[in-house]
Amino acid sequence: MRLLITGGAGFIGSNFIRYIINKYPDYKITNLDALTYAGNLENLKDFEDNPNYKFVKGDICDRDLVNNLVKDVDIIVHFAAESHVDRSILDSQAFVVTNVIGTQVLLDSAKEFGTRFHHVSTDEVFGSLGPDDPGFNEETPYDPRSPYSASKAASDHLVRAYYHTHNLPITISNCSNNYGPCMFPEKVIPLFITNLFENKKVPLYGDGMNIRDWIHVDDHNRGVDLIIHKGKIGETYCLGGNNELTNKDLTFKILQAVGRGEEMIEHVEDRAGHDKRYAIDFSKIKNELGWEPEISFEDGLKEMVKWYKDNYEWVKNCKSGEYKEYYKRQYNI
Ligand code: NAD
Ligand code: DAU
């Protein structure tokens, strides 16, 4: 199989490429990535010389480049995106350009060459749950509330529109909060781990009672692998970790894993429009494809702390400085 993977230098995409190369060594992979602040070729440096792996630096909005790559592949697995909610609150333009227009360019190209398209999306398109609401599932109405989730919702709608209008062979996955190695240290888990390594406090938004459902990136990618091989065309699949935690409890677990105490928590102003709770009912993919998450949060977090300790050069080199400066200005951390 020949795959075009977009955003393969980022967190989830690079873990996906690693997973696919290890599981299917004869597959041919092209990784198209613009290397924004979040893209890092270090994530895949051990595959640089692999004859079945090729990196192309470029923008998914570049029609000619995209057409040139899509004509030679069997499937597009689309991870590339602007992915950080806080950045979308500061400035949403890049989110609309990459997440909406970039997806549309890829879809046009897939339409031209009749290429199978898998779209990697998020549970945030469904909005925010109350404490007793059942988890999101494939029937949950869309209710995006941040500029990031609005741009991902728009891209999901476009993908479905190309299926209904043009018979494009698509699938979509909506997943909850991932964690694991190579995660850019602006997202809460790696931000907190690396702050603690640097003896800095961890900025907990609001009352810390917002809830996220955490899934290990390898569990997510195993689900995407199943969907691209066995998923039903035109269908959406929700993936979750069965692991809801308040941000406060998450922070305690990180403090414990790094060996620090509660005095390292700095309570800071809440995120604007902060979604209260995400949770996923993943029974569809469990019943149809036999998928469920396998990695326990305790094991995954322990492994992640070790990875950040062992790869501290990666942290220093991954352009996180600019974002940490923002925290310094904002919260004096
Ligand atoms: P990331 O920010 O770590 O990586 C995004 C990658 O896309 C980077 O390598 C970046 O260089 C690349 N990119 C950005 N704009 C581009 C453009 N215009 N052209 C080409 N490449 C471009 O993101 P991530 O956390 O790995 O997320 C990957 C995908 O998974 C996204 O679509 C995101 O919405 C989705 N998702 C993320 C999570 C999560 O918890 N991180 C959960 C569910 C779904
Ligand atoms: O649910 C899936 C989504 O999860 C993905 O689509 C997004 O790409 C990904 O970034 C993630 O979004 P979140 O906004 O949930 O992740 P983040 O790590 O930014 O924040 C997780 C929670 O932690 C959220 O409730 C806000 C809180 N938080 C975050 C940061 C960065 C803090 O309390 N302090 C912080 O400094």
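A charge sits over a ring if NZ of Lys or CZ of Arg is within 6 Å of the ring centre and within 35 degrees of the ring normal. The structure here is a predicted model.

**Charges over rings**

- Lys284 lies over the face of Tyr237. Here the distance from the ring centre is 4.8 Å.

**Aromatic pairs**

- A pair of aromatic rings is described by two things: the distance of the centres and the angle of the planes.
- The count for this model comes to 13 aromatic pairs.
- Phe16 and Phe79 form a tilted pair. Their centres are 5.1 Å apart, with 50° between the planes.
- Phe16 lies in helix 1, and Phe79 lies in the loop between strand 4 (75-78) and helix 3 (85-90), so the pair ties together parts that are 63 residues apart in sequence.
- Are Phe16 and Phe79 buried or exposed? Buried means under 20% relative accessible area. Phe16 has 0% relative accessibility, so Phe16 counts as buried. Phe79 has a relative accessible area of 10%, so Phe79 is buried too.
- Phe126, Phe136, Tyr142 and Tyr278 are linked into a cluster by ring pairs.

**The largest cavity**

- Rolling a probe the size of a water molecule over the atoms shows where empty space is left.
- The count comes to 1 cavity of 30 Å³ or more.
- The largest cavity has a volume of about 60 Å³.
- Which residues line the largest cavity? They are Val85, Ile89, Glu124, Arg145, Ser146, Arg212, Arg271, Ala272, Gly273, His274, Asp275 and Tyr278.
- By class, this lining divides into 4 nonpolar, 3 polar and 5 charged residues.

- Which helix gives the largest share of the lining? Helix 11 does, with 3 residues.
- The lining of this pocket has 4 nonpolar, 4 polar and 5 charged residues.

**Helix 7**

- Helix 7 runs over residues 217-230, which is 14 residues.
- From its first C-alpha to its last, helix 7 reaches 20 Å. That is close to the 20 Å expected at 1.5 Å a residue.
- Helix 7 is mostly covered, with 11 of its 14 residues buried.
- Its buried residues include the run from Asp219 through His220, Asn221, Arg222, Gly223, Val224, Asp225, Leu226 and Ile227 to Ile228. Val217 is buried as well.

**Helix 6 and the residue after it**

- Helix 6 is mostly covered: 8 of its 10 residues are buried.
- The buried residues are Ile189, Pro190, Leu191, Phe192, Ile193, Thr194, Asn195 and Leu196.
- Just after helix 6 comes Asn199, with a positive phi of about 60°.
- Asn199 is not a glycine. Most residues other than glycine have a negative phi.
- Asn199 lies in the loop between helix 6 and strand 8 (202-205). Exposed means over 50% relative accessible area. Asn199 has 53%, so Asn199 is exposed.

- Where is Cys182 placed? Cys182 is in the loop between strand 7 (177-179) and helix 6 (188-197).
- Cys182 has 11% relative accessibility, so Cys182 counts as buried.
- Gly259 lies in the loop between helix 8 (247-258) and strand 12 (265-268).
- Gly259 has 58% relative accessibility, so Gly259 counts as exposed.
- Gly259 and Phe197 are 62 residues apart in sequence. In space they are 10.0 Å apart, C-alpha to C-alpha.

Definitions and conventions. Residues are numbered from 1 along each chain as its sequence is written. Chains are lettered from A and ligands numbered from 1 in the order in which they are written. This is a predicted model: local features need pLDDT of at least 70, side-chain atom pairs count only at pLDDT 80 or more; totals for chains, interfaces and linings use all residues. Side-chain values use heavy atoms; hydrogens and water are left out. Helices (H or I, at least four residues) and strands (E, at least two) are DSSP runs, numbered from the N terminus. Ala, Val, Leu, Ile, Met, Phe, Trp, Tyr, Cys and Pro count as nonpolar, Asp, Glu, Lys and Arg as charged, and the others, Gly among them, as polar. Rings of Phe, Tyr and Trp (its six-membered ring) pair if their centres lie within 6.5 Å; planes under 30 degrees apart count as stacked, over 60 as edge-to-face and the rest as tilted. Buried means under 20% relative accessible area, exposed over 50%, partly exposed in between (1.4 Å probe, protein chains only). The expected span of a helix is 1.5 Å times one less than its number of residues. On a 1 Å grid over the protein atoms alone, a cavity is a set of points where a 1.4 Å probe fits but cannot get out, and a pocket is an open set with protein on both sides within 12 Å along at least five of seven lines; lining residues have an atom within 4 Å of a point. Grid points are joined across faces, edges and corners, and a volume is the space filled by probe spheres set on the points.
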